[in-house]
Amino acid sequence: METLLGLFALVFAVFMLGGLIVAWYSFVKLRSADAKIKELTLAVLHLKSLVKKLSETNTLRATSEESAQESVVEQSAESDTQATDNSQPQTPQVDSTGNVNAALATHQQQAKTSLNEEPRSKPKPLETVSLAQRLEQFLANNGLLWIGAGILALGGIFLAKYSIESGLISITLRLILGGVFALALVILAEYLYRKHGASNHVTNTSAALASGGIITGFALVLATFSYYHFISPVVAFAALAAISLIATALALRFGPLLAVIGIIGAYTVPALVNTGSNNVFALLMYVNFVSIAAIWVANKVKREWLWWQSFVGHFVWLTISVAIADKSDIWVIAATMAIAFYLYVLSSVLGWRLTNKNLTPLAIKVLLMPRKEQLALVLNILLLVLFYSLHGFSSSLLIVSVLLSALCMYLPLRHSAFDSWPFVSLIFSCFAIVNYPIVHQLDDPMLVFSSVFLYAQLVGVAYFVYSVVMQKLFIKRASYSLLLGIAPLLVFAVSYIVTPQTVETTLYPLWTVYLMVMAGYALWQITKAHHALATITFWLTANSFLALVFTMWLNASTLSLAICAQLVLIAYGQQRFKVELPLWLSKIALSLVLMRITLAPWTQQYSNELVFGVHWSLVVLPMMFAMVFYAYRLHSNSELKKWYEGALLHLIALFVTTETSYFLVGHYPDFSNLNFAELCVLSMNWLILAVVYWWRFKISSRSLYLYAGCALAAASGLCHLVLNTQYNPFLEAILIGDIFLFNWLMVMWAVPAVIIALVYYFDIVPKQLKLNKNKVLLPIAAGFSFLFINGVVRSYFQTEQIRLSLPTSQAEIYSYSVVWLIIAAGFILFGQRIAKSVVYQAGFAILLVVILKAFLFDMAHLDGLYRAISFIGLGLSLVALGWLFTRFKLVSEEAPQ
């Protein structure tokens with residue numbers, strides 16, 4: 001019993017916390033409203049003062065004009081009198097009149113100036129409210145009501161606990177008293193509301209009392225059912241549902257707080273009371289009833305968060321129902337989804353009576369923006385996919401697919417906000433095609449007119465006709481142009497993918513007829529279309545259908561050419577019909593073509609394919625380069641041309657890497673089991689590609705090239721690490737080739753050294769990497785060069801293997817000294833020639849190492865005449881080197897003079 005009372009206390013604590021939050025929210029809103037009222041009051045007072053001063057100015061102006069006119073009349077009369085008495089001609093008082101007008105103008109200007117220069121009364125800044133003042137205002141704004149309601153509820157709980165522990169009240173009487181207490185709170189709330197009116201103070205008080213009564217009723221029913229077992233699950237379910245609906249109805253009178261309690265309570269009733277029947281129909285009918293009531297209340301009280309509460313509750317129970325339902329429950333699930341469509345989508349867009357209509361064209365970006373009605377559609381589709389994934393295919397899937405497609409095709413006729421819905425139904429139709437089993441014999445000639453193939457034909461033709469009609473009716477709604485090019489193609493492509501090989505010979509001719517007929521219709525419509533968007537849409541549609549036909553009938557490499565040709569046709573259509581398609585469409589098409597041809601060497605169907613008797617890459621890649629270059633010339637958009645420039649560069653790099661791989665290895669590397677030769681080719685090709693992408697990044701500043709170059713450089717470095725540790729020819733028995741100089745040592749060390757030297761010389765490494773090329777690139781290039789030169793010398797004496805464990809002749813030892821002495825001399829002379837101290841300093845360092853080697857190793861075992869001759873030869877070499885160094889130094893000093 002203490003556990004139950006603890007539960008009651010916890011519920012009331014949560015209620016208290018919610019009440020405090022709502023009260024604090026009301027306080028903040030009232031405070032902001034008071035501030036706005038003060039600002040408006042100051043503004044009104046300021047306007048009144050301006051109006052008063054303006055009226056005073058007008059009065060003054062009128063008085064000045066009257067006095068000026070009177071003075072003019074008096075002066076005229078005096079002048080007439082003087083003229084009569086003196087009989088002398090007088091000059092008219094033009095000056096006096098002019099002075100009056102001037103004075104009047106001056107007065108008016110001064111009035112305007114004084115009016116304009118009058119300092120405006122600025123509203124006083126709002127005073128900061130201290131924590132104590134906020135607490136005082138909170139208590140004044142119904143805070144005490146909520147605190148008092150919570151304390152009242154806790155007092156009732158403690159009183160009940162004492163009565164139970166003392167045995168003063170029986171179980172039945174406790175429950176009856178609890179029910180009476182809950183009902184009394186609700187009746188008192190209604191009495192106060194009716195007696196004192198719908199003021200904020202009375203409404204909040206009534207809401208606090210009614211909330212206490214509703215929560216008490218919930219707790220009593222749960223205790224009666226789960227603890228005392230006085231009532232059956234059905235009765236408990238009905239009682240809790242009735243209490244929830246009463247709370248929801250009271251929200252219309254006492255505010256949204258009761259709606260929160262009622263909605264949450266109504267949706268939690270099936271979880272709190274398990275009848276054990278697993279009746280999905282009853283559960284979903286109850287959920288639908290609660291959702292209808294909740295949405296109606298949410299619209300009445302104008303609270304968005306109540307809508308979201310109902311949305312979450314509805315779809316949570318719908319998901320649970322899908323998980324526990326049988327295959328026969330699909331129709332009640334479909335009906336629940338239809339009700340969800342109406343409540344959470346149609347009612348908010350078309351109104352409760354579905355009478356709203358709006359056919360204004362919307363951009364595709366607007367259609368793809370996330371909205372709550374789209375969320376409802378996506379959740380329904382995902383739940384249908386989940387249901388059929390759990391229960392397998394049934395004929396109901398086709399019916400649901402047709403009904404969904406019909407709904408998604410009809411709604412755009414009422415509102416353009418639904419223009420994206422046919423795409424969603426298209427995806428679900430493709431899901432039905434994929435899951436549709438083939439029940440007929442594969443050798444049956446009528447198989448293509450039955451089961452999944454018949455369904456695919458009907459769906460493809462239906463979407464084609466619908467797209468054509470909608471495009472003609474609403475030419476400015478671009479989504480139907482996109483649907484025309486995507487929908488039929490996607491349906492036939494999906495059916496093509498799932499077709500068994502034994503049916504291909506029968507199915508492909510029929511699919512070709514469908515696609516050619518639709519492509520012919522699209523080409524025919526080009527001559528009749530009067531709108532540029534319709535013209536280019538039919539042009540692209542025809543091209544996409546022809547591309548799918550090529551896919552069915554052509555082999556791998558020629559298909560790549562056919563798909564690449566679509567890029568040229570798209571560019572030509574844009575130029576021919578003066579239409580600019582969205583850039584993302586051309587970018588996606590170009591990316592797909594490049595992705596296909598890049599992954600082609602890794603696929604089995606490309607491994608041994610020949611075109612005109614030679615390897616496919618020798619023919620296909622140059623032709624694709626020509627097509628992409630022609631499309632590049634046709635396009636005029638600068639941003640898109642940069643994409644095509646990158647594509648051209650990628651094709652060149654792909655051609656180089658593919659051909660070197662096939663020339664050196666005979667096949668493309670197998671990543672599951674890389675050998676020495678494959679690692680050498682990959683390390684060289686990836687390093688070349690990295691440098692190419694970095695160079696492209698310096699030109700275009702596109703981050704994609706930077707990241708791609710870094711990834712390829714890292715992959716090349718990893719390959720070199722493996723090569724120089726596990727497959728090092730100096731340490732392992734690796735066959736490097738029987739051709740002197742032109743062997744695997746060149747691929748492994750010489751080419752990377754040259755590439756890194758070029759990167760260093762032309763400063764290709766991006767600045768963003770913050771790489772010190774003198775400390776990184778030069779040591780790497782020197783290391784590769786050192787390994788290659790020594791490997792070449794050793795391969796001259798050891799042929800195909802250069803392991804250090806093999807015997808080394810005296811001639812080979814001397815050869816190292818001679819070769820490096822020549823290299824040192826070359827560095828010294830070249831560095832002096834170009835006046836680069838770093839170069840000839842490196843030459844002197846190499847020379848020092850050569851001298852030490854000669855003294856410590858080469859001449860250590862020589863005696864007599866051989867040692868003398870060796871020293872004489874080394875000395876003459878050094879003297880000759882010194883003379884040459886001095887000679888070049890003199891020439892370089894005389895050159896400027």
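Colleague: Let's start with one residue. Where is Arg702 found?

Modeller: Arg702 lies in the loop between helix H23 (676-700) and helix H24 (703-725). Keep in mind that this is a predicted model.

Colleague: Is Arg702 buried, partly exposed or exposed?

Modeller: The class follows from the relative accessible area: buried means under 20%, exposed means over 50%, and partly exposed is in between. Arg702 has 25%, so it is partly exposed.

Colleague: And which residues does Arg702 touch, if I leave out those up to four places away in sequence?

Modeller: With those set aside, Arg702 touches Trp643 and Phe697. The C-alpha atoms of Arg702 and Lys642 are separated by 9.5 Å, although these two residues are 60 residues apart along the chain.

Colleague: On to charges. How many salt bridges does a search of the whole structure find?

Modeller: The general idea is that side chains of opposite charge can pair when their charged atoms come close. Here the search of the whole structure gives six salt bridges.

Colleague: Which parts of the chain does the pair of Asp419 and Arg477 link?

Modeller: First the geometry: in the salt bridge between Asp419 and Arg477, the closest N and O atoms are 2.4 Å apart. The pair links distant parts of the chain, with Asp419 in the loop between helix H13 (395-410) and helix H14 (421-435), and Arg477 in the loop between helix H15 (451-473) and helix H16 (478-497). Asp419 has a relative accessible area of 0%, so it counts as buried, and Arg477 is also buried, at 2%.

Colleague: With which residue does Glu639 form a salt bridge?

Modeller: With Lys587, the closest N and O atoms being 2.7 Å apart. Glu639 belongs to helix H22 (residues 638-664) and Lys587 to helix H20 (residues 583-599), 52 residues apart. Glu639 is partly exposed at 38%, while Lys587 is buried at 15%.

Colleague: What about Glu812: which residue is its salt-bridge partner?

Modeller: Arg794, and here the closest N and O atoms are 2.6 Å apart. Glu812 is buried, with a relative accessible area of 0%, and Arg794 is buried at 2%. Elsewhere, salt bridges with shared partners join Asp763, Lys767 and Lys773 into one network.

Colleague: Now a helix. How many residues has H13, and how far does it reach?

Modeller: H13 has 16 residues and reaches 23 Å from its first C-alpha to its last, close to the 22 Å expected at 1.5 Å a residue. Its buried residues include Leu397, Val400, Leu404 and Met409. Among the elements covering the buried residues of H13 are helix H10 (330-349), helix H12 (372-391), H14 and H15.

Colleague: At what angle do H12 and H13 pack?

Modeller: At about 170°, with their axes 12 Å apart. That makes H12 roughly antiparallel to H13, because angles over 145 degrees count that way. Ile381, Leu384 and Tyr388 in H12 meet Ser396, Leu397, Val400 and Leu404 in H13.

Colleague: One more loop, then. Where is the place of Gln801?

Modeller: Gln801 sits in the loop between helix H26 (773-798) and helix H27 (810-833). Its side chain makes a polar contact with the side chain of Arg803 (3.2 Å). Leaving aside neighbours within four places in sequence, Gln801 is in contact with Ala733, Ile734, Leu735 and Leu806.

Technical notes. Residues numbered from 1 in each chain as written. Predicted model: local features only at pLDDT ≥ 70, side-chain atom pairs only at ≥ 80, totals over all residues. Heavy atoms only, no water. Helix = DSSP H or I, 4+ residues; strand = E, 2+ residues; numbered from the N terminus. Polar contact = N/O pair within 3.5 Å; in protein donor to acceptor, adjacent residues only side chain to side chain. Contact = heavy atoms within 4.5 Å. Salt bridge = Lys/Arg side-chain N within 4 Å of Asp/Glu carboxyl O. Buried < 20%, exposed > 50% of the residue type's maximum accessible area, 1.4 Å probe, protein only. Expected span 1.5 Å × (residues − 1). Axes fitted to C-alpha atoms, helices over the stretch in contact; angles between N-to-C directions. Parallel < 35°, antiparallel > 145°, perpendicular 65-115°, else oblique.
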